[in-house]
There are 2 protein chains.
Amino acid sequence: MASVPVDKDSADQKLQFAPFSSALEAGFWHQLTQKKLNDYRLDESPKNIKGYYYNGDPVGLPTRLTLEFSAFEADGPSPARCCPVTGTLYNTNTLEAFKTSDKKALLEQQATEIWDSIQSGDALKDPSLLCKFLLLTYADLKKYHFYYWFCFPALCFSEGIKILKEPATLEQVFSSKQVTVGVYDPCTLPQHPGWPLRNLLFLLASKWGSQIDVMEVMCFRDRTLQGSRNIKHSIVFQVKLPVPEQSVNAVCPKNVGWEKNPKGSMGPRMVNLSECMDPKRLAESSVDLNLKLMRWRLVPSLDLDKVTSTKCLLLGAGTLGCNVARTLMGWGVRHITFVDNAKISYSNPVRQPLYEFEDCLGGGKSKALAAVDRLGKIFPGVNSEGHVMSIPMPGHPINFSEATMSQARQDVEHLEKLISEHDVVFLLMDTRESRWLPTVIAASNRKLVVNSALGFDTFVVMRHGLKKPKPCGPGDSSDPSSSSASSSSSTPAEPAQLPAASLFSNIPGHRLGCYFCNDVVAPGDSTRDRTLDQQCTVSRPGLAMIAGALAVELMVSILQHTEGGYAVASSSDDRMNEPPTSLGLVPHQIRGFLSRFDNVLPASLAFDKCTACSQIVLDSYEKDGFNFLSKVFNSSHSFLEDLTGLTQLHQETQNAEIWDMSDDESI
Amino acid sequence: MASVPVDKDSADQKLQFAPFSSALEAGFWHQLTQKKLNDYRLDESPKNIKGYYYNGDPVGLPTRLTLEFSAFEADGPSPARCCPVTGTLYNTNTLEAFKTSDKKALLEQQATEIWDSIQSGDALKDPSLLCKFLLLTYADLKKYHFYYWFCFPALCFSEGIKILKEPATLEQVFSSKQVTVGVYDPCTLPQHPGWPLRNLLFLLASKWGSQIDVMEVMCFRDRTLQGSRNIKHSIVFQVKLPVPEQSVNAVCPKNVGWEKNPKGSMGPRMVNLSECMDPKRLAESSVDLNLKLMRWRLVPSLDLDKVTSTKCLLLGAGTLGCNVARTLMGWGVRHITFVDNAKISYSNPVRQPLYEFEDCLGGGKSKALAAVDRLGKIFPGVNSEGHVMSIPMPGHPINFSEATMSQARQDVEHLEKLISEHDVVFLLMDTRESRWLPTVIAASNRKLVVNSALGFDTFVVMRHGLKKPKPCGPGDSSDPSSSSASSSSSTPAEPAQLPAASLFSNIPGHRLGCYFCNDVVAPGDSTRDRTLDQQCTVSRPGLAMIAGALAVELMVSILQHTEGGYAVASSSDDRMNEPPTSLGLVPHQIRGFLSRFDNVLPASLAFDKCTACSQIVLDSYEKDGFNFLSKVFNSSHSFLEDLTGLTQLHQETQNAEIWDMSDDESI
C-alpha cells in the first residue's frame with residue numbers, strides 16, 4: 001500500500017465516526033409480515049427498501065436509521081426534514097439460511113457498488129449512492145420472532161484519517177468563512193460526525209485527495225428548540241485526506257458495516273413481537289412514537305410518563321368535555337373517565353366532537369357512555385369509563401323523600417370514590433352550582449382541579465389552589481382512603497413557603513383561589529350568577545375547542561413543574577421572563593377574549609370566606625360528611641354564607657362602599 | 001259589577017300585554033309522532049307537557065313559548081335561564097274531533113283552575129300555577145300534516161287596567177328604590193309586558209287590590225350582550241289594580257287565550273312537515289336553532305347566512321384540516337371540500353379528529369375521502385367532497401417525463417377549478433412549498449385565503465391580502481370564469497383607498513401581505529424554511545385545535561365586516577378600541593405562543609417583490625398559465641427570485657447590513 005503523506009507536527013488523533021443504530025418500528029415488521037405472506041412468499045431475492053435519518057436530535061440520542069411501515073414504498077415520501085436512505089432487504093426463508101448467509105460477500109457487494117459509483121463518477125452526480133444499507137432478515141411468522149442484521153457499508157482508509165483541527169461548534173468557526181464540505185449529519189455527539197460522511201470523504205479523497213492538503217468539513221445539524229430552528233450544534237473540523245491506493249482498475253478498498261448487537265458484539269438481533277403485531281398494538285406504538293418525537297426533537301427534558309400516566313376525571317361530557325378528552329388523547333393520556341347525565345341531542349354532534357348523528361336517534365345515547373365508545377374507536381388502547389349520574393347541587397333540595405335523599409347520598413359517595421381514584425379533576429359542566437361539590441371534595445382530597453367555563457366569546461381556564469397536604473395523624477380525614485389514593489404527581493415535597501408577599505404576584509399554589517373564591521355569594525342563587533358558566537351552548541363554536549385545548553395544556557404544564565399543583569402562579573407579566581418549566585408558564589387562570597384574540601393570565605388568592613374551599617367548609621365536610629352536604633343542598637345560599645362569615649361580611653359592607661368583583665379580570 | 005275606583009286625572013290609557021307566540025320546533029312534532037304511534041295510540045286524554053320562554057331576546061323578536069323534543073318530559077330540565085311552563089296537550093284522533101272540540105270549554109276549564117288556585121291561595125305558594133298553556137292538536141301521520149292551536153289562559157279585568165305611569169327603562173327609575181312587584185318577562189316590546197304578568201296581577205288584585213292604589217311592576221329582562229349580562233332593558237311601570245268583582249264563592253272571571261293564527265284571526269294553524277320528519281332534517285333544524293340562539297340572545301346583527309352559505313376549500317386534511325372542518329360545522333357551514341393526498345396512519349386519529357382506528361387498517365384510507373365520510377356521519381346535511389391529489393410545488397421538478405408533466409398540468413387545472421368554485425381557501429398543509437401554487441391562484445382569483453401553520457408550541461393564523469378587483473375589460477384574465485365565479489361576499493364595493501399611511505397600522509385589506517411576503521427567498525429552498533410549517537405532527541397536541549378554531553373564527557369575523565377581505569387589519573393596539581364588527585377584531589395575523597398563553601396580532605404590508613402575490617408573478621401566471629408554473633416547479637428558487645427582483649435585492653444588500661427577518665413578529 002502506498003503510504004499517506006503525514007504531517008509529523010500534527011497529533012496522531014484519528015477521525016472516528018458514530019455508526020448508525022437501526023431503529024425498526026413495529027410498523028416495519030407488520031408490513032414485512034404482510035409482504036411475506038402476500039407478496040414475497042418464498043422469494044428470497046433482494047428487495048429495495050427505504051429508511052431515513054434525521055439531523056435534529058438533541059445530545060444523547062443514538063444516530064438512528066429508522067425503518068417504518070413506509071419502508072417498502074421505496075419512492076414514497078420521508079418525514080419532513082429527514083434524509084431518505086435506500087437499502088436492500090435480504091429476507092431469508094429459514095433461520096438456517098439467515099445464519100449461513102455470506103455476510104462478508106453481501107457487504108462486499110454493496111461496498112463494490114459504492115466504489116464503482118465513485119470510480120464512474122455517478123456518485124458525484126448522485127451522492128445518495130454513497131449512503132446505503134443492507135438488511136438481512138428472517139421472519140418466523142408462527143412465533144412472530146424476527147431475526148435481523150443491518151449493514152451500513154463504508155469504505156475504509158487503511159490508516160485512518162488524522163484530525164488536524166479538533167471539532168468546534170459552528171459558532172466558533174463560521175466567521176472564518178472558509179469553504180467547507182458540508183454534510184447532513186445525523187450524529188449528536190459533540191466530537192464526532194455520523195456515518196454518512198465516511199464514504200463522502202472517500203469520494204473526495206479519491207477525486208481530489210492528491211490536490212488537497214486540508215479539508216474542512218461541516219457536519220450540519222438542524223435542531224428545533226422551543227419553536228425556532230437552530231444550527232449552532234453543527235460541528236466543523238478539518239481533516240487531512242489520505243489518497244486511496246490506486247485510482248485506475250483498483251480493487252475495492254477494505255470495508256466495514258455490520259452493526260453490533262446490543263451487547264456490543266458483532267451479531268444479529270432478535271425481537272419478539274408476538275404481543276404487538278395486533279393492529280391495536282401498532283396504533284399504540286405509533287401514538288407513542290409521535291409523542292416521543294416531541295421529546296427527542298424539541299423538549300428533551302419533557303417527562304412524558306408523568307402526563308400519560310395521569311388519571312383524568314372529566315365532569316361534563318359536552319362541548320368542553322369532548323374537546324378536553326380529544327386533547328388528552330393527543331397527549332397520550334390513557335385513563336379518562338366521564339361523568340354526565342345528559343343524552344345526546346341533534347344539535348350536539350357539530351360542536352361536541354365525540355358524537356355523531358347516529359348517537360342522537362331514539363332519544364339519544366347517554367353522553368358519558370357514548371363518549372367512552374368513541375374514545376375506544378379512536379384509539380383502542382384507551383382505558384375509559386362513563387358514569388351516568390347527577391351531581392347534587394347547593395340550593396337544589398334533595399329532601400323530598402327518602403328515595404331522593406338516598407339517591408343523593410349514593411351520588412355523593414360515587415363522586416367521592418371517583419375523585420379519590422383520579423389524579424386530576426376537570427370541571428367542565430354548564431352550570432356554576434354543579435361545580436361546588438366536586439370543588440369541595442377535590443380540595444379535601446388534595447387533588448388537582450382544572451376548571452373551564454365558557455361565555456359567548458370569553459372563557460376561563462383555571463387551576464384551583466391546591467391546599468397543603470394534611471397532617472398524617474389518624475382521624476384527620478372523614479375518608480381515610482382519600483390521602484393514600486393521591487398519586488405521586490400530586491403529592492409534592494413541601495412547597496416553598498412565601499411570606500405574606502405582594503398581593504397578586506408570586507402566589508404559591510397552595511394559596512391560590514378556587515372557582516368560587518371571587519364570589520361573595522354562595523352558589524345556588526342564580527340571579528347573581530355570572531355569565532361565563534350559564535350558556536355553554538350559546539358560544540362561538542371555536543371557543544370550546546380553544547378552552548378545552550388550553551385546559552389540557554395547562555394541566556400538562558403543571559405536571560411538568562417540579563412542584564406540580566403547588567407551583568407559583570405565572571402571570572401575564574411573567575411572559576418575558578425565563579419560564580418555570582420546559583413547556584413555559586404555569587398560570588393560575590387563563591381568561592380569553594375571542595373578540596380581541598387575547599388572553600390574560602390573572603392570579604388571585606384563596607378567599608378565607610370562600611363557600612367552597614375555605615377551611616371552615618372543608619372542616620365541616622370532613623367532620624360531618626353527607627350531613628353537612630345535605631344541609632347545603634337543601635338550604636338557600638344563606639346557609640353557606642352564614643357558615644363562612646359571608647353574611648357578616650355583607651352586613652359590614654352594606655353601608656360601606658361596594659367593591660364590584662364581577663369584572664376583576666386584572667387581578 | 002262593582003266599579004273600579006278611577007283617578008279622574010290620569011289618562012285613560014289601558015295596559016296591554018304582548019301575547020305569546022307559539023314556537024314549535026320540528027323536534028316536538030317528531031316526538032309527538034313517536035308518542036302517538038307507540039304510546040298514546042287512540043288515547044285522547046289530556047297529557048302534561050312542558051314549554052319554556054326566555055327573557056333575554058333582543059328587540060323585535062316575538063315573545064315565544066317554545067316547545068321542543070323535550071316537551072314530553074314534563075319534569076325534565078329547561079335550557080339555562082329559560083322559564084318552564086307546564087301545559088296540557090289535547091291530541092285528537094281525527095280532524096273532525098279537532099275541529100269540533102269545545103274550545104271555549106277547554107279554556108274555561110284551564111281558567112277555572114287558575115282562578116281556583118288564586119282563591120285557594122295555592123298560587124301564592126306556587127305562582128307557576130298562573131302561567132299555563134293548552135295545546136290542541138291533530139296529527140295526520142299519513143301526510144305528516146299537523147293541526148294545532150295554542151291557548152294561553154288569562155283572566156280578564158272587565159274594564160282593563162289603567163296605566164298611571166308610562167313604562168320607562170329600569171335605569172330611569174331604579175334609583176327611586178321603590179318596592180315593586182317583579183316578573184320574569186319574556187316580552188321584548190319596550191312598552192309592554194308579556195303574558196305571564198296577566199294572571200299575576202289578577203292574583204295581586206284579588207288579594208290586595210282593595211288595599212293598594214298604585215302598584216309598581218318591574219318586568220325583568222336579562223339579556224347578554226357581548227358576553228356580559230345586562231338588565232337595563234327591563235321595564236318598570238305603575239298600574240292601578242282594579243278589585244275583582246267578588247272574592248267569596250265567585251264565579252270565574254272572563255278569560256281569553258286562544259292564539260291568533262298567522263293571518264291575525266282566531267283559528268288553528270297547520271304545518272306541513274312531510275319534508276322534515278326525517279331525523280336528518282331534524283338534525284339540521286336543531287343545528288340551525290343553536291346558531292340562531294347566538295343571534296337572538298347575543299349578537300342581533302350577526303349575519304348567519306353569510307357564514308353558512310360560504311363555500312370552503314380546505315387544502316390539507318391533517319391536524320389543522322380536521323379541526324378547521326369541525327369548527328366550520330359548528331358554525332353551520334354546509335359546503336366543505338377537502339384536498340389531500342395522504343393516507344391515514346395509526347398515529348393520526350388521536351390528533352386528527354375526523355379519523356378513527358378503523359380508518360388506519362389495510363394501509364389506511366385516503367384522508368380526503370375519509371374526512372368527507374366523517375362529516376356526513378356527524379351531520380348528514382353537509383355537502384362535502386374530497387379530492388385525492390397532489391399540489392405541484394416550486395423546486396419539485398415535474399419534467400421527468402410526458403406523464404409527470406401531464407399529471408402536473410391536470411393537478412393545476414383541478415386546483416384552479418376548485419379555487420374558482422369556492423369562496424374561501426384554507427391553507428392547512430404541512431409544508432411551505434405546497435402553499436405557493438394555491439396562494440398564486442387564489443390571489444389571481446381574488447379569493448379570500450386563510451392560512452395556518454404550526455410550530456411546536458407556536459402558530460400563525462392569517463388572512464392573505466385581497467387584491468383589488470381586476471378591471472372588467474375582456475382578455476384581462478387568463479381564466480375568464482374566475483371573476484364571475486366570485487361570490488358576492490368576496491366582491492365588495494371599492495375599498496376605502498388610504499394614503500401612503502403609517503407603515504404598520506390601518507393597512508387596508510388590499511395592501512396586506514401574504515404568507516410569502518415576509519420571505520426574501522423563493523419557496524423550494526428548504527434550508528431556509530422557517531420552523532412553523534415543517535413539523536405539523538411534532539407540536540403540542542392542543543395547538544392544532546386552537547389554531548384550527550382561530551382560523552375559522554377569523555374567517556367568520558372577516559365575513560361579518562362590511563368590507564370582507566378588504567377590511568383594514570386590526571392590530572394588538574386595537575384591542576382597547578371599538579371593534580369593527582359585532583364579533584370583534586379582524587386582524588391580519590394571529591401569532592400564538594402556547595408557552596406564554598399569548599397571542600399577538602401583527603399586520604404587514606404586501607411586498608412588491610413577493611414570490612407569490614406580487615404583480616409580476618400574478619401577471620406571469622395570468623399571461624402564461626401552466627407554462628409559467630412549470631418553469632417554477634422545475635427551477636431552483638433562483639427563477640422566482642430573478643423574476644421578482646429578489647436576486648437584485650440580494651446583491652444590493654449583500655455587503656450592507658442584513659435585516660434578519662426570521663423573527664419579525666412585531667410587524
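This is a predicted model: local features need pLDDT of at least 70, side-chain atom pairs count only at pLDDT 80 or more; totals for chains, interfaces and linings use all residues.
Two copies of a chain are related by a rotation about an axis and a shift along it.

The contact between the chains, in which two residues count as touching if their C-beta atoms, placed from the backbone, lie within 7 Å, takes 72 residues from chain A and 73 residues from chain B. Among the elements of chain A that give two or more residues to this side are helix H7 (279–298), helix H14 (541–560) and strand S22 (598–600), where helices (H or I, at least four residues) and strands (E, at least two) are DSSP runs numbered from the N terminus. The largest share, eleven residues, comes from H7(A). Because 100% of the interface residues of chain A are also interface residues in chain B, the copies meet through the same surface.

The secondary structure of chain A comes to 17 helices and 22 strands. Among contacts in chain A between residues at least 6 apart in sequence, 74% join residues at least 24 apart.

Residues are numbered from 1 along each chain as its sequence is written, and chains are lettered from A and ligands numbered from 1 in the order in which they are written. Local features need pLDDT of at least 70 and side-chain atom pairs count only at pLDDT 80 or more, whereas totals for chains, interfaces and linings use all residues.
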